[in-house]
Amino acid sequence: MPKQRTLPADRVDPRVLRTRALLREAALAIAAERDVESMTIADIAERATVNRATVYQHYRDRDALLLDAMEEEVGRLARAAARCPLTHPAQCTPGELAELFRHVETNATLYRRMLGPGGSARFVNRLRELLAEEVAAQLGAAGGDGGDGGDGRGATALLELRAHYLAGAFVGVFTRWVAMTGGPTAEQAAEEVWGLLRGASPDRGAAGPQ
């Protein structure tokens with residue numbers, strides 16, 4: 001009996017990669033067409049032209065598949081957020097923030113589905129976590145110690161709270177913005193958010209750094 005060929009531990013069978021790519025593409029295509037909650041494993045299998053058993057060989061459930069499918073997109077958004085200088089001292093809106101909003105605008109249909117009422121809670125949580133990580137990195141680099149008097153653990157905890165506060169704000173803004181009909185442009189949304197981040201009130205204009 002011929003000896004079965006095995007692959008190195010760090011190498012994935014190309015057939016597995018192709019199958020997963022098909023499943024991710026199918027899931028994203030369906031997500032752009034209708035609410036995520038109405039999507040089933042059978043729908044994804046049919047779109048990917050595989051059977052249901054094949055789907056379960058690669059993913060434990062629909063949300064795990066969707067999360068994997070959206071991981072690259074979430075990563076792109078997080079990297080765009082990392083380029084946005086949230087600790088920038090200037091009063092003018094950083095161009096990188098407008099770029100962040102343009103990225104969401106370009107993928108508005110997908111974000112509307114994934115962030116809306118029929119979307120995926122796991123996706124929302126993953127997006128918030130990655131954004132919080134990028135924000136925390138910026139705050140930490142800028143010396144945002146939370147002002148707790150030098151307690152290292154307390155400083156880290158306060159920085160984490162600030163990062164999640166800002167990440168949650170971004171997710172909330174994105175969720176509402178992509179759902180609007182005739183809403184503000186990416187540049188207008190970025191300018192409004194920047195004013196809020198810098199402590200500006202709509203009726204008194206931009207404020208200096210806090």
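**Notebook: contacts, core and confidence**

I began with contacts, meaning heavy atoms within 4.5 Å: among those in the protein between residues at least 6 apart in sequence, 66% join residues at least 24 apart. I note that this is a predicted model, in which local features need pLDDT of at least 70, side-chain atom pairs count only at pLDDT 80 or more, and totals for chains, interfaces and linings use all residues. Residues are numbered from 1 along each chain as its sequence is written, and side-chain values use heavy atoms, with hydrogens and water left out.

**Entry on the elements.** I looked up helices and strands, which are DSSP runs (H or I, at least four residues, for helices; E, at least two, for strands) numbered from the N terminus. The protein has 9 helices and 0 strands.

**Entry on burial.** I took buried as under 20% relative accessible area, exposed as over 50% and partly exposed as in between (1.4 Å probe, protein chains only). Buried residues make up 38% of the 210 residues. For the accessible surface, by the Shrake-Rupley method with a 1.4 Å probe, I found about 12,100 Å², of which 51% belongs to carbon and sulfur atoms.

**Entry on the core.** A nonpolar core is a set of buried Ala, Val, Leu, Ile, Met, Phe, Trp, Tyr and Cys residues joined through side-chain atoms within 4.5 Å. The largest has 56 residues, and F101 and F170 have the most contacts inside it. The elements giving two or more residues to this core include α1 (14-31), α5 (95-106) and α8 (152-179). Leaving aside neighbours within four places in sequence, I found F101 in contact with F170, V173, F174, W177, A186, A189, A190 and V193.

**Entry on R62.** R62 lies in helix α4 (residues 62-83). I recorded R62 as buried because its relative accessibility is 15%. Not counting residues up to four places away in sequence, R62 touches V36, E37, M39, I41 and I44. A polar atom of the R62 side chain lies 3.4 Å from the backbone oxygen of E37.

**Entry on confidence.** I then checked pLDDT, the predictor's confidence in each residue, from 0 to 100. The mean for the protein is 82, and 82% of its residues reach 70 or more. Among the elements, α4 has the lowest mean pLDDT (84) and α2 the highest (96). Over residues 4-9 pLDDT stays under 50, and the model has 2 contacts beyond four places in sequence for them. Residues 201-210 also stay under 50, with 14 such contacts. Where pLDDT is low, the predicted coordinates should not be read in detail.

Technical notes: Polar contact = N/O pair within 3.5 Å; in protein donor to acceptor, adjacent residues only side chain to side chain.
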